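Here are my notes on a few helices in this model. Please read them with the structure open beside you.

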Amino acid sequence: MRTIISRLIHHSTPSSTSRLNALAVSINGRAFSTDSTKIDEPFKVEEAETVPPSTPPTEKLLVLGGNGFVGSHICREALNRGLSVASLSRSGKSSLHDSWATNVIWYKGNLLSTESLKEALNGVTAVISCVGGFGSNSYMYKINGTANINAIRAASDQGVKRFIYISAADFGVVNYLLQGYYEGKRAAETELLTKFPYGGIILRPGFIYGTRSVGSMKIPLGIVGSPLEMVFQHTRALTQIPLVGPLLTPPVNVTSVAKVAVRAATDPVFPPGIIDVYGIQRYSQSKSK
């Protein structure tokens with residue numbers, strides 16, 4: 001090999017000689033230089049620095065009415081899934097003494113004033129609203145309708161990706177007795193589907209049962225709700241009877257509502273639109289993809 005290189009050098013021009021002198025021929029991982037017959041050290045390649053994969057941003061959930069019966073279960077479910085959770089309500093910090101409550105960021109505000117939402121919506125990826133109430137027709141429309149519409153618009157303006165609204169199932173004749181309540185709910189639903197056509201989910205449970213905390217008292221609503229849910233599972237066809245049929249809508253466990261609400265807020269393939277009580281039961285029993 002060295003003889004061949006020497007002959008090439010002998011018959012080469014000065015410029016080609018310099019190029020040949022710079023040429024290194026690698027044989028079995030060892031380099032031979034034309035400048036001398038000395039065997040050079042093996043060529044060393046420095047290993048590239050390993051860059052650790054970036055950690056995905058933590059999802060932040062804002063629960064409106066998070067210190068209420070349904071809202072508190074949603075906050076706890078979201079924390080169990082490793083989410084960052086904030087809550088906004090008129091009373092602010094929860095009066096609950098459960099340990100999970102210390103991990104929630106509590107905001108005090110009034111949804112009838114959009115200024116209350118600015119700080120709470122900072123960095124939020126999804127909102128779940130449990131806001132609602134009873135009273136006169138005008139009051140019920142304001143709380144169930146106007147307050148939620150304000151929240152939906154503010155979240156849309158802030159660039160929030162998903163908005164889940166805990167609404168209510170139709171109860172036939174009851175709708176007429178609570179006209180302001182249902183008109184407010186339906187107005188909020190319409191606004192949500194307009195502002196969030198791809199990320200707006202409406203849950204329509206009937207009677208929600210579970211253990212409700214009132215001060216230091218625990219009220220086990222499941223004593224009534226759980227048996228009724230089992231019975232009404234077999235009366236779905238009867239709910240189509242005008243006026244009275246919807247009264248046979250089965251109750252649903254608050255834990256099921258919380259699971260589906262949080263899943264809808266975090267699962268990008270969860271379908272937008274209206275989920276009735278039977279859909280809530282079905283999604284609560286199926287695993288997230």
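1. Start with a crossing. H5 passes H7 in a right-handed crossing. Bear in mind that the model is predicted.

2. The angle between H5 and H7 is about 10 degrees, and their axes are 6 Å apart. Angles under 35 degrees count as roughly parallel, so H5 and H7 are roughly parallel to each other.

3. Which residues meet here? On the H5 side they include Asn137, Met140, Tyr141 and Asn144. On the H7 side they include Gln179, Gly180, Tyr181 and Glu183. Further along the list come Ile152, Arg153 and Ser156 of H5, and Glu191, Leu192 and Lys195 of H7.

4. H7 covers residues 179-195, which is 17 residues. Its first and last C-alpha atoms are 24 Å apart, close to the 24 Å expected at 1.5 Å a residue.

5. The buried residues of H7 include Tyr182, Lys185, Arg186 and Glu189. What covers the buried residues of H7? H5 is part of the cover, and so are helix H6 (173-177) and the strands S7 (162-166), S8 (200-204) and S13 (273-276).

6. Now turn to H9, residues 254-266. Its 13 residues should span 18 Å at 1.5 Å a residue. The end C-alpha atoms lie 19 Å apart, which agrees.

7. Of the 13 residues of H9, 10 are buried, so the helix is largely enclosed by the rest of the structure. Among them are Val254, Val257, Val260 and Val262, along with Arg263.

8. Asn253 caps the N-terminal end of H9. One of its side-chain oxygens lies 2.8 Å from the backbone nitrogen of Thr255.

Technical notes. Residues are numbered from 1 along each chain as its sequence is written. This is a predicted model: local features need pLDDT of at least 70, side-chain atom pairs count only at pLDDT 80 or more; totals for chains, interfaces and linings use all residues. Side-chain values use heavy atoms; hydrogens and water are left out. Helices (H or I, at least four residues) and strands (E, at least two) are DSSP runs, numbered from the N terminus. The expected span of a helix is 1.5 Å times one less than its number of residues. Buried means under 20% relative accessible area, exposed over 50%, partly exposed in between (1.4 Å probe, protein chains only). A polar contact is a pair of N or O atoms within 3.5 Å; within protein, one must be able to donate a hydrogen and the other to accept it, and residues adjacent in sequence count only if both atoms are side-chain atoms. Contact means heavy atoms within 4.5 Å. Axes are lines fitted to C-alpha atoms, for helices over the stretch in contact, and angles run from 0 to 180 degrees between N-to-C directions. Angles under 35 degrees count as roughly parallel, over 145 as roughly antiparallel, 65 to 115 as roughly perpendicular and the rest as oblique. A crossing is left-handed if the near helix is turned anticlockwise from the far one by less than a right angle, and right-handed if clockwise.
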